[in-house]
Amino acid sequence: MVNTPTIRKVIATSRLLIQLNRNQISARRGVILSGASGTGKTTALTQLGRAHELAIRKRHPRDRHRLPVVYATVPPAATPKMLAMEFARFFGLTFPSRANVTDIVDAVCATAAHVHVDLVLVDELHNLNLATRSGAEASDQLKYFAERLPATFAYAGIDIESQGLRGWRWAACTRSSLCTPPS
């Protein structure tokens, strides 16, 4: 994998946010990678996760139970339950189809705390359709995870600026303005 200037900038900005967020109780900042299809957003996101995991493993070489990075994809036409199940799947948690979203979220948050997650990568953010009730609720579910988990969230998606994610705290990493610090 070639470590391009864009990937280096995404990693540097995100690592700074992780450090700034480390002692925050709430209102943690995140980063959104936005751009056209095929511009390397997912690659940058996964390289961020890889770099962070390697740094944490180097800092805590004996902690085999630590899982510092979570990766989830927003499914098309996402609902809060679908989103919670994506996180649960990452951890290998299984639930009956009748399980309620609260139980799933509680299990995900407890597992994430137990394994010391401090970076959450969310890909395909453009699959959130804020014009629908379920899309808006799925967006709220992501914000809820961001409040409950003591972690920095990094999102990637196609042309996210046009989706109007009001109320989100993030640094913008787009083609036109790479990794502008959050306000």
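Mentor: A nonpolar core is a set of buried Ala, Val, Leu, Ile, Met, Phe, Trp, Tyr and Cys residues joined through side-chain atoms within 4.5 Å. Buried means under 20% relative accessible area, with a 1.4 Å probe and protein chains only. This is a predicted model, where local features need pLDDT of at least 70, side-chain atom pairs count only at pLDDT 80 or more, and totals for chains, interfaces and linings use all residues. Residues are numbered from 1 along each chain as its sequence is written, and side-chain values use heavy atoms, leaving out hydrogens and water.

Now the core itself. The largest one holds 32 residues. Phe87, Val120, Phe145 and Phe153 have the most contacts inside it. Helices and strands here are DSSP runs, numbered from the N terminus (helices: H or I, at least four residues; strands: E, at least two). Three strands each supply at least two core residues: E2 (69-73), E3 (119-123) and E4 (152-158). H3 gives the most, with six residues.

Look at Phe87 next. Contact means heavy atoms within 4.5 Å. Leaving aside residues up to four places away in sequence, Phe87 touches Val70, Ala72, Val108, Val120, Val122, Leu142 and Phe145. Two of these partners, Val120 and Phe145, are themselves among the residues with the most contacts inside the core.

Conventions: Buried means under 20% relative accessible area, exposed over 50%, partly exposed in between (1.4 Å probe, protein chains only).
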